Amino acid sequence: MAGDAADSGARSAVDLTIHGLIDRLVQRWSSGEHKLAAMRAREEYFERAGKVFDDDAELFDGRMASFLEWYVLERPFDGGPPPVQRVLDDGAWSAVERRGLAALASTHHSLFELYGVAEHVLEIEDIVGGARFHVHERRKTMGFSAGDVFEARIIWDGDAPVFGRTFLFHPPDARDVVLNWVEGALERGVPRDEVLFHLSRHHIRWHRQGHLGAAKIYKGDG
C-alpha cells in the first residue's frame with residue numbers, strides 16, 4: 001500500500017512537471033513579441049475546430065486548454081517547427097526540463113476507443129493510426145466505459161504514457177457514425193488533424209442542440 005502511494009505521488013509530481021512545462025511554454029509564446037501570433041493561431045484553431053464562447057460553459061475551458069496545447073506542441077510557428085521544438089536547445093531550461101520538453105515534442109494527439117479500465121490504467125486503441133496503448137490516468141476513471149470514443153493527447157511522463165489535460169468524448173449514440181466516417185475519411189486520405197477538427201465541430205453542434213439527435217448531427221457535413 002505504501003509502495004502504491006509512493007508510486008502515485010511520484011507519478012503525480014512528474015505529471016505536474018509536464019503540465020507545468022506546457023504552462024511555461026504557453027506563457028512565453030502567448031505574450032510579448034508572440035502575442036499577435038498567438039491571437040492568429042487562436043482564430044485559426046477555432047475556425048477549424050468550431051467556435052466556442054464564454055457562455056458555452058461546459059465546453060469553453062476544455063476547448064481553450066486544447067487550443068493552447070495544440071498551439072505550443074503541434075502548430076508550426078512562423079513556417080517552422082512548433083514552439084516546443086524551438087526551445088529544445090535553449091540554455092534557459094535545465095537538463096531535466098529539456099527531457100520533459102522532448103517528451104512533449106513527441107506527444108500523440110488522436111481519436112481513441114476505450115477497450116478496458118483496470119484501476120488507473122486504460123487500454124485504448126488509436127482509431128486513426130491503429131496502435132494500442134495502456135495509459136495511466138491519475139484522475140478518477142469513473143465514467144469511462146468500454147466503447148467510448150474520444151479525442152485525447154498521450155504524453156510520455158518518463159515512466160509511462162499519461163493523458164494530457166483535456167478529453168473530448170463523442171456521444172455514444174453517434175459512435176457508429178463516427179467510426180464509419182473516420183474509416184471513409186482515412187480511405188480518402190484525410191489528415192489526422194482534419195479528422196479531429198471535423199469531429200470537434202460536430203460535437204459543438206450537438207452540444208448546442210441540447211445533446212439531442214447525436215447520430216443525425218454527426219452525419220451532417222461541415
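# A guided tour of the model

Begin by selecting F112, F133, F144, F150, F163, F167 and F169, which form one aromatic cluster. Here, rings of Phe, Tyr and Trp (its six-membered ring) pair if their centres lie within 6.5 Å; planes under 30 degrees apart are called stacked, over 60 edge-to-face, and the rest tilted. By this rule the structure has 19 aromatic pairs.

The model is predicted: local features need pLDDT of at least 70, side-chain atom pairs count only at pLDDT 80 or more, and totals for chains, interfaces and linings use all residues. Residues are numbered from 1 along each chain as its sequence is written, and side-chain values use heavy atoms, with hydrogens and water left out.

Select E137 next, in the loop between β3 (132-136) and β4. Helices (H or I, at least four residues) and strands (E, at least two) are DSSP runs, numbered from the N terminus. E137 has a relative accessible area of 2% and is therefore buried; buried means under 20% relative accessible area, exposed over 50%, and partly exposed in between (1.4 Å probe, protein chains only). Leaving aside neighbours within four places in sequence, E137 is in contact with H120, L122, F163 and F167, contact being heavy atoms within 4.5 Å. Two of these partners, F163 and F167, also belong to the aromatic cluster.

**A charge over a ring: R132 and Y115**

Now display R132 together with Y115. R132 lies over the face of Y115, at 3.9 Å from the ring centre. The criterion is that NZ of Lys or CZ of Arg is within 6 Å of the ring centre and within 35 degrees of the ring normal.

Move to Y45, which is buried at 3% relative accessibility. The rings of Y45 and F46 have their centres 5.1 Å apart and their planes at 90°, so this pair is edge-to-face. F46 is likewise buried, with a relative accessible area of 8%. F197 is buried, as is Y45.

R42 is also found in helix α2 (residues 35-49). Its relative accessibility is 37%, so R42 counts as partly exposed. Not counting residues up to four places away in sequence, R42 touches F60, M64 and F67. The C-alpha atoms of R42 and L68 are separated by 8.2 Å, although the two residues are 26 apart along the chain.

**Two cavities**

How many cavities of 30 Å³ or more does a search of the whole structure find? The search finds two. On a 1 Å grid over the protein atoms alone, a cavity is a set of points where a 1.4 Å probe fits but cannot get out, and lining residues have an atom within 4 Å of a point. Grid points are joined across faces, edges and corners, and a volume is the space filled by probe spheres set on the points.

For the largest cavity, of about 80 Å³, select Y45, A49, R63, W70, E74, H109, E151, D193, L196, F197 and S200. Helices α2, α3 (60-73) and α7 (192-208) each supply at least two residues of this lining, and α7 gives the largest share, four residues. The lining divides into five nonpolar, two polar and four charged residues. Ala, Val, Leu, Ile, Met, Phe, Trp, Tyr, Cys and Pro count as nonpolar, Asp, Glu, Lys and Arg as charged, and the others, Gly among them, as polar.

The second largest cavity has a volume of about 50 Å³. Select R63, S66, E69, H109, E151, A152, R153, T166, F167 and L168 to show its lining. Here α3 and β4 (149-156) each supply at least two residues, and the classes are three nonpolar, three polar and four charged.

**Two positive phi values**

Most residues other than glycine have a negative phi. D78, not a glycine, has a positive phi of about 55°. D78 lies in the loop between α3 and α4 (83-86) and counts as exposed because its relative accessibility is 73%.

Finish at H211, in the loop between α7 and α8 (214-219). Phi of H211 is near 60°, again a positive value in a residue other than glycine. At 38% relative accessibility, H211 counts as partly exposed.

Note on methods
1 Å grid on protein atoms, 1.4 Å probe; cavity = no way out; pocket = protein on both sides within 12 Å on 5 of 7 lines; lining within 4 Å.
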